[in-house]
Amino acid sequence: MLERECKMKLKFLNTLLFGAIVAVGTLANVANAGLISSWNLNGDYSDVSGNGHDGTGYGTNFVADSSGSGNGLSASFNRNYIALNQSFSGVGSLPELSASAWFKTTATGNWTSNWALLDFDRSEFFNMFVTGAGEIGFSTRSGSEINDMFSSMSGLNDGNWHHVAVTYGASAGKNIYIDGSLDSSIASMGALGTSATRFGFIGDGSEASTFNAARNNLYYDGLISEVKIWDNALNAEEVRTEVPEPSTLAIFSLAIMGLASRRFKKKS
């Protein structure tokens, strides 16, 4: 009888734990549904989304300094950059957008002195960057308007790893998330993009109408890891799945075990 009861408890726990894992996995899959580019920067410049938007490093190298994503290596920048085999083109061609990255920097200066975590030209499409005061900048171009948005939080140039995500869409608005939490939000100003073609860069500002063409020569100084782009506006829950807490599943499992224990105590 005791052996049978133990087996029943184990089966129940396994079922609940499996459900927890499926729930966490489902959230991650939802967040990745619109993923169009993903550069781990964990020793190479490949686009692991499978869409062929590989990067090429010019003077960059990799260091053994793991970001919050858990990667063993991260890309190191100091007056160098990564050119991306990805471009946007056309008026209003980006109705929705999300982008994210892990970064670590101690650079100071003015608001343009540490460009860029990810740049497809501030004055043509968008730019995600860290200012010299350690704020997050999210610049966008819609119609005739260039909007430079900054986080309320500063001091992120503290030499620690931080996660940034920006989202944009008609209903979602324009948002900056820092370390998984919403920092700033304003209304959307319409679909992004001009008639220009702009190729992207990590570590510098773009003026490029072809791959690895004109740049701003405004270099990022620090480490970057896990840069991603989505063609939809992530919600707050989806952003949080990009900032995993290693203990979350363990805590959830303990809670499930406690629930199971109480259930079986009631039965006995």
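The model is predicted, so local features are reported only at pLDDT of at least 70 and side-chain atom pairs only at pLDDT 80 or more, whereas totals for chains, interfaces and linings use all residues. Residues are numbered from 1 along each chain as its sequence is written, and side-chain values use heavy atoms, with hydrogens and water left out.

The protein contains 3 helices and 15 strands; these are DSSP runs, with helices (H or I) of at least four residues and strands (E) of at least two, numbered from the N terminus. Of its 268 residues, 46% count as buried. Buried means under 20% relative accessible area, exposed means over 50%, and partly exposed lies in between (1.4 Å probe, protein chains only). The accessible surface comes to about 12,100 Å², and 54% of that surface belongs to carbon and sulfur atoms. Accessible areas come from the Shrake-Rupley method with a 1.4 Å probe, and for residues only the protein chains shown count as cover. Among contacts (heavy atoms within 4.5 Å) between residues at least 6 apart in sequence, 65% join residues at least 24 apart.

In soluble globular proteins, nonpolar side chains tend to be buried together. A nonpolar core is defined here as a set of buried Ala, Val, Leu, Ile, Met, Phe, Trp, Tyr and Cys residues joined through side-chain atoms within 4.5 Å. The largest such core has 36 residues, and those with the most contacts inside it are Leu118, Phe126 and Ile202. Strand β6 (residues 97-104) supplies the largest share of this core, 4 residues. A second, separate core has 6 residues, including Tyr81, Phe199, Phe201 and Ala208. Leaving aside residues up to four places away in sequence, Leu118 touches residues that include Trp39, Leu84, Phe126, Phe201 and Ile202.

Several loops show local features. Most residues other than glycine have a negative phi, and most peptide bonds are trans. A cis peptide bond joins Trp115 and Ala116, with omega about -10°; Ala116 lies in the loop between β6 and β7 (118-119). Leu41, in the loop between β1 (35-39) and β2 (55-58), has a positive phi near 60°. Leu41 counts as buried because its relative accessibility is 1%. Asn212, in the loop between β14 (197-202) and β15 (221-230), also has a positive phi, near 55°. Asn212 has a relative accessible area of 24% and is therefore partly exposed.

Ser123 is found in the loop between β7 and β8 (126-130). The side chains of Ser123 and Asp121 are joined by a polar contact of 2.9 Å. A polar contact is a pair of N or O atoms within 3.5 Å; within protein, one must be able to donate a hydrogen and the other to accept it, and residues adjacent in sequence count only if both atoms are side-chain atoms. Beyond four places in sequence, Ser123 touches Arg141, Ile146 and Thr194. Ser171 lies in the loop between β11 (162-169) and β12 (173-178) and is exposed because its relative accessible area is 75%.

Confidence is given by pLDDT, the predictor's value for each residue, from 0 to 100. The mean pLDDT is 86, and 79% of residues reach 70 or more. Over residues 12-28, pLDDT stays under 50, and over residues 246-268 it is likewise below 50. Where pLDDT is low, the predicted coordinates should not be read in detail.
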